[in-house]
Amino acid sequence: MTAHALPPVVDAATWERRLGELRAREKAATRELDAIAAERRRLPMVEMPDYTLEGADGPVRLVDVFEGKRQLIVYHHMWSAGQEWQCSGCTGFTAQFTRLEFLDDYDARFVVVTQAPIEEALAYRERVGNRMPWYSTANSPFGGDVGAPPGGGFAVNVFLRDGDTVHRTWHTDGRGTEQLSHTFALIDLLPYGRQEQWQDSPEGWPQSPTYSRWATSKDIAARYGPGSADAR
């Protein structure tokens with residue numbers, strides 16, 4: 001007896017045929033994503049005001065957050081005032097990004113912005129072992145103007161710099177951020193998938209309440225924060 005239901009066992013030829021059928025759909029989806037990316041490159045853009053954020057070294061203009069690059073990806077990290085552990089989804093999502101130097105080759109940078117006061121933001125960054133550059137929009141309308149207001153959710157925005165002028169080129173939130181994540185891409189390859197109740201799975205597949213398998217922010221701090229094996 002096994003702990004869970006199992007996929008049916010078939011001969012190799014049947015497996016190859018079924019895999020081929022699925023791969024045809026996967027390739028079609030890849031081509032559709034290519035077409036979506038092509039359309040993204042054709043989106044118009046909107047000019048932004050001259051915002052001032054707070055960084056580790058003090059006030060910094062939005063245009064200077066680019067650090068000389070022409071393109072900037074911003075992840076807006078949810079923040080709940082007075083809470084020791086912030087959004088586990090945001091904490092886990094940004095924990096993935098440990099090697100971002102490859103963006104230098106594309107004239108781009110990827111940073112975190114949050115509504116937290118900068119001292120709290122940097123302390124949390126250290127506590128959970130995050131390696132991305134963080135900025136605060138606590139004293140700026142920037143977050144609210146780009147879909148991440150105080151008390152609001154997470155979001156991703158992309159900006160393009162033309163000299164000292166910054167333009168907003170793209171935005172997403174909710175599950176739109178999944179395309180930036182490698183965690184779900186890997187989990188979705190597994191026979192049992194995410195094992196969340198909302199997913200369409202065969203009868204008998206292990207399923208749990210949504211989010212119940214996600215690492216908590218405290219778990220992430222233990223894995224990657226000061227004193228963790230990763231930090232050493």
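These are short notes on a predicted protein model.

1. Ground rules. Residues are numbered from 1 along each chain as its sequence is written. In this predicted model, local features need pLDDT of at least 70, side-chain atom pairs count only at pLDDT 80 or more, totals for chains, interfaces and linings use all residues, and side-chain values use heavy atoms, with hydrogens and water left out.

2. Overall build. The protein chain has seven helices and eight strands. Both are DSSP runs, numbered from the N terminus: helices are H or I with at least four residues, strands are E with at least two. The C-alpha trace spans about 65 × 45 × 35 Å along its principal axes.

3. Burial. The protein chain has 232 residues, and 34% of them count as buried. Buried means under 20% relative accessible area, exposed over 50%, partly exposed in between (1.4 Å probe, protein chains only).

4. Helix α7. Which residues of α7 are buried? In this helix, residues 217-224, they are Ser217, Ile220 and Ala221. Seen down the axis of α7, these buried residues fall within an arc of 100 degrees, so they line one face of the helix. The arc is that of the directions from the helix axis to the C-beta atoms. An α-helix has 3.6 residues a turn, so residues three or four places apart point the same way.

5. Around α7. The buried residues of α7 pack against α3 (88-95) and α4 (118-127). On the other side of α7, Lys218 and Ala222 are exposed.

Methods: Contact = heavy atoms within 4.5 Å.
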